[in-house]
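Thanks for coming, everyone. I have one structure to walk through today. Please take a look at it on the screen.

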Amino acid sequence: MAAPLDAEDGHRPDFPPKTPPLPKRPVEPPRPEGATPASAVAVRPRLAARIANRRAANWTLENAPWTPAKAARHVVGKLAEWGYRLDAGKEAGITEVTVLLTRAALTDGGRRISLHLADQDHQALILLLSHQSGHAPEDEGLLREVTGRGVVSCGTDTDQEGGGRRRWALTDLGG
């Protein structure tokens, strides 16, 4: 017995009939004009260090009693590697500044801090990020103490949205 043929075009229909493939994404209704998506909330950028167009180095350090001394060794060692010949007084000043900034960053708590170092025009930028949010702004005592160590400039700022606290000092390395 032969299969029935379609009388119009002379071929047999497919059994079962072919179905179109399913769409890859679910179909969503068209959005109204001028409406913004619900996820378009203005978010303040996270506090981050951006050092560009100069030599730079950075280290992630744990929250431990030996971290301030380790941070100072990193800074002095990297400056020597970059070719700066520091006298004993200048090296001691940079070590003290790094230790002060590191201790202050460690008091914020948390498991780690970030140490960043950059140089330009015989000046070094020492920057510490605590990565801990929700702290009040720094008191002026730290800045007075750091300024007393002979830095060109220093400062702190805090991102209350979750980025943490940033402390920095700019010191002159000599000509």
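Predicted model: local features only at pLDDT ≥ 70, side-chain atom pairs only at ≥ 80, totals over all residues.

The protein chain has three helices and five strands. Read from the N terminus, the elements go β-α-α-β-β-α-β-β. The chain has 175 residues, and 33% of them are buried. Now take the contacts with a separation of 6 or more: 65% of these link residues 24 or more positions apart.

Next, the core. In soluble globular proteins, nonpolar side chains tend to be buried together. Here, the largest nonpolar core has 30 residues. Leu79, Ile94, Leu101, Leu115, Leu117, Ile126 and Val146 have the most contacts inside it. Which elements each supply at least two residues of this core? They are strand E1 (55-62), helix H1 (67-81), helix H2 (88-106), strand E2 (112-120), strand E3 (123-129) and helix H3 (140-147). H2 gives the most, with seven residues.

So let's stay with H2. An α-helix has 3.6 residues a turn, so residues three or four places apart point the same way.

Zoom in on Ile94. Set aside its neighbours within four places in sequence. Ile94 is then in contact with Val75, Val76, Leu79, Leu86, Ile126, Thr171 and Leu173.

Now the strands. Is E3 enclosed or open? Five of its seven residues are buried, so E3 is largely enclosed by the rest of the structure. E3 pairs with E2 in the antiparallel sense, over seven bridges. Leu115 has Leu128 in E3 as its bridge partner. The hairpin of E2 and E3 has two residues between the strands. There, Asp121 takes a positive phi near 50 degrees. E3 also runs antiparallel to E5, and seven bridges join them. Ala124 stands opposite Thr171 in E5. Thr171 is also on the contact list of Ile94.

That's my tour. Over to you.

Conventions: Residues numbered from 1 in each chain as written. Heavy atoms only, no water. Core = buried A, V, L, I, M, F, W, Y, C linked by side-chain atoms within 4.5 Å. Buried < 20%, exposed > 50% of the residue type's maximum accessible area, 1.4 Å probe, protein only. Helix = DSSP H or I, 4+ residues; strand = E, 2+ residues; numbered from the N terminus. Contact = heavy atoms within 4.5 Å. Pairing = 2+ DSSP bridges.
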